[in-house]
Amino acid sequence: MFVTVLLLLVTLCAQEGHGEERAEAPRSGHVSVVIVGGTGDLAKKYLWQGFFELYVNQARSGKTFSFYGGGLSPADAATPVLFEILKAVSCSKDVSQERCALLKEQFLRLAQYRQLKTQEDYQDLAKHIEQELQQEGITEAGRLFYLSLPAFAYADVADKINNTCRPTSKAWLRVVLEKPFGHDFRSAQVLAAQLGSSLKDEEMYRIDHYLGKQVVAKILPFRKENKKFLDPIWDKHHIERVEIIMKESLDVKGRIPFYDQYGVIRDVLQNHLTEVMTLLMMRLPMNLSSSEEVLRNKLQIFSSMLPLRKNQAVVGQYQAYQTTVQQEMNKMKDHVSLTPTFAAVLAHLDDAQYEGVPILLIAGKMLDERVGYARVLFKNDIFCLQNPDAVHCKPKQIVFYFGHGSLQYPAILVSKNLFKPVLMDGEWKEVTQHTDVNILGLPISDYYVQTPAEQKEAYSELISHIFAGRKNSFISAENLLASWGIWTPLLDSLASSYPRIYPGGADNRDLLDIRVNGRDIGYNTEVVLISPDQMGGTSTNSFQVMQGKFRSDDMVSAWAEELVERLAVDIQEAAEAAVREGGVFHLAFSGGSTPLALFHRLSLHHFSFPWSHTHVWMVDERCVPLTDPESNFHGLHDHLLQHVRIPYYNIHPMPVQLNQRLCVEEDGGALLYEKEISKLVNGSSFHFVLLGVGYDGHTASLFPGTKVDELGESLVALTESPVKPHQRMSLTLSAINQARKVALLVIGKGKHELITQMSRVKDNRDKWPVTGVKPVDGRLVWYIDYDALLG
């Protein structure tokens, strides 16, 4: 059968006319292509078309082919499905209709469906291939297995291929694997080990279709072709920032079971965008066709990436996602998914060439448009006093435009105030006739524009690379694990973070705008939340700032991180107002773990805080030495005070240790602290007191059962805790209620039941000490995170 097909193709090529190149001398060798999952969505959309194009391009090479669509279904049921898919393949414009018809006819004749479920099924396939080769007397060139399957099936199928379907001659074996390649570092490591027990690394082709996009594949050649222009400016002195963006306008309906497991970071950033970043930032290989050198230089980028911390990422989730999860996964109405559908990550390289250059990787669903690009924005040292529209004052940038968006075609754009890029090969052309569009702040006429002479689909390009044995457009096991090594700690740190909810499309407006602050990023706008009864709705009118009342006092609620940001801003505003009014700010901090995130926020982001005019006091303290890790002051010092410039004499730890004894009443530590407050704090009225609330309703170290009324007008008292260390020193309600502003910070899902109870109970200071917090002439504000408020 194969010989007949080959003769037909050679005859047809001879009839194609004198204008075509003569076919190469036929080289013997047969290739068997097996798509496992051959009737699935990916195979239907891309793979069969890609293999048909491979077949068309190899028609004159002397190679012969057979194609198998494999699956779990029986052959009688799946064969009609497969052939409906195959009938839909198409030829490129340069292939005549007559030739295309014959090629399609032969392609269908060479294809068949095979049930591939058990090891016996794979054995039968191997026997079939061997028999066909023997009958036709053709030498085998290789076998190509494309696993269009869920990742959990890879190891089992690879084992079956290894045990039953390896070529018996010197022919090659190539096995293609679709992402995801694991869920995190550990799972990727396990999968790599499982696959490594069946296949050699050179036999595995881990495919990332982004590397098949023509513009992405052109990044390294472009850098090499324009080396004389780029070498002087491709460094930290000239590059302002690098952006790698993938925006999608669609939601994830129909993909929820997969997507809710992975989310946008695993789905897009860890693979597609990271791969583009390596191509932009890696050392330029001497030989672009050397897979070993390309992969080695990529690996060096992973080695030089600084660790990704939690404050280098923001996440979001489009509003209707929750409802879709509940519907597609049959979840209850109160089910809450934290899976992000939007993420922005700020990366940096520990590399002398790029030190300090921010690299932004951003992707999301339900955004305003579908577009992908990588932009290298350069610093501009020219200031135009009277003509800001002059070409040399406009942004200097190179844009690798993957497609879609306003331009609608893939292109590389270089702003005209940088340089005119060279055009090296006939596969790319310069665009000189432009439509009236703007690309990232510049009209397209302000760019030199290059685009592929013929647009090709990414899978088709990569299939041709697999056939040729070129591995530089694929992911090696070493690079894969290096990438997961970078991303897994960040994913772990974000696992319990609530994503910001956004409505989707144009209604997002500035809600997802990012602000870069040194090595951290955050959302640029104030937090916006959806009210609980509207979670999962689609109306943009449901958005509102969660500011209201709780127990008749003011309340602010937000996601935990934004809540802490808001509280830090409020404290600084109070500090600045107090310093303007009286030259000093008195701030009292509660202990425990709740305020630690606030301490970090104040130390890392509030550089203009008036610390030199601030006195820091303690709300409560455990009766342990101040150097003990259990000490509240110890935590405050380690997480805040040692990181800010505050005079040591403005710091006031509670005197729990006097005369080498801890909290002995006759030593008078409580009275000593009260006298210090009365001496320094005008009217003993702190400007700002930060409190927490325990599961039992205690605040400061005032626990249920404490006879708070018996403490009278005293400001400081020794108290007893039900948990060790039992002895405490605490401000009294009298001291707290004299403050100008009291903040009660409540964070965490574990506090939801407490908040529910607190919303219902009446004032009872003995049973619920926190209900006794009622500033006389000041203001109480509850800062409750979304987790605690809604559960």
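Is serine 684 buried or exposed? Select serine 684 and take a look: its relative accessibility is 11%, so the residue counts as buried. Keep in mind on this tour that the model is predicted.

**Stop 1: around serine 684**

Stay on serine 684 for a moment. Its place is the loop between helix H18 (669-680) and strand E31 (688-691). Although serine 684 is not a glycine, its phi is positive, at about 55°. For another such case, jump to methionine 366, which also is not a glycine and has a positive phi of about 55°. You will find methionine 366 in the loop between strand E10 (359-364) and E11.

**Stop 2: two cis peptide bonds**

Next, select lysine 179 and proline 180, which are joined by a cis peptide bond with omega at about 10°. Proline 180 belongs to the loop between strand E5 (172-178) and helix H7 (185-196). Then move on to lysine 724 and proline 725, where a cis peptide bond has an omega of about -15°. Here the loop runs between strand E32 (716-720) and strand E33 (727-731), and proline 725 sits in it.

**Stop 3: aromatic rings**

Now show the aromatic side chains; the structure holds 29 aromatic pairs. Start with phenylalanine 65 and phenylalanine 67: their ring centres are 5.6 Å apart and their planes stand at 5°, so this pair is stacked. Both of these phenylalanines are buried. Now pick tryptophan 234 and phenylalanine 378, a tilted pair with 6.2 Å from centre to centre and 55° between the planes. This pair links distant parts of the chain, 144 residues apart: tryptophan 234 is in the loop between helix H9 (227-230) and strand E7 (239-247), while phenylalanine 378 is in strand E11 (residues 371-378). Tryptophan 234 and phenylalanine 378 are both buried.

To see a whole group of rings, select Trp48, Phe52, Tyr55, Phe65, Phe67, Phe107 and Phe467, which make up one aromatic cluster.

Two charges are worth a visit as well. Arginine 174 has its charged end over the ring of tryptophan 172, 3.8 Å from the ring's centre. Over the face of tyrosine 695 you will find lysine 751, at 5.2 Å from the ring centre.

**Stop 4**

In soluble globular proteins, nonpolar side chains tend to be buried together. In this model, the largest nonpolar core has 120 residues, and Phe145, Leu269, Leu280, Ile398, Phe400 and Leu413 have the most contacts inside it. Colour helix H10 (residues 256-281) to see the element that gives the most to this core, with twelve residues. Then centre on leucine 280: beyond its neighbours within four places in sequence, its contacts include Trp234, Tyr354 and Phe400. Another core, of 74 residues, lies apart from the largest one; Leu567, Trp617, Val693 and Ile755 are among its members.

**Stop 5: leucine 147**

Select leucine 147, in strand E4 (residues 140-147). With 0% relative accessibility, leucine 147 counts as buried. Its contacts beyond four places in sequence include Val36, Tyr154 and Leu177.

The largest cavity holds about 70 Å³ of space, and among the residues lining it are Phe181, Asp208, Gln270 and Asn479. H10 and helix H14 (477-494) are the elements that give two or more residues to this lining.

Notes. Residues numbered from 1 in each chain as written. Predicted model: local features only at pLDDT ≥ 70, side-chain atom pairs only at ≥ 80, totals over all residues. Heavy atoms only, no water. Phe/Tyr/Trp six-rings, centres within 6.5 Å; stacked < 30°, edge-to-face > 60°. Buried < 20%, exposed > 50% of the residue type's maximum accessible area, 1.4 Å probe, protein only. Helix = DSSP H or I, 4+ residues; strand = E, 2+ residues; numbered from the N terminus. Lys NZ or Arg CZ within 6 Å of the ring centre and 35° of its normal. Core = buried A, V, L, I, M, F, W, Y, C linked by side-chain atoms within 4.5 Å. Contact = heavy atoms within 4.5 Å. 1 Å grid on protein atoms, 1.4 Å probe; cavity = no way out; pocket = protein on both sides within 12 Å on 5 of 7 lines; lining within 4 Å. Points joined across faces, edges and corners; volume = space filled by probe spheres on them.
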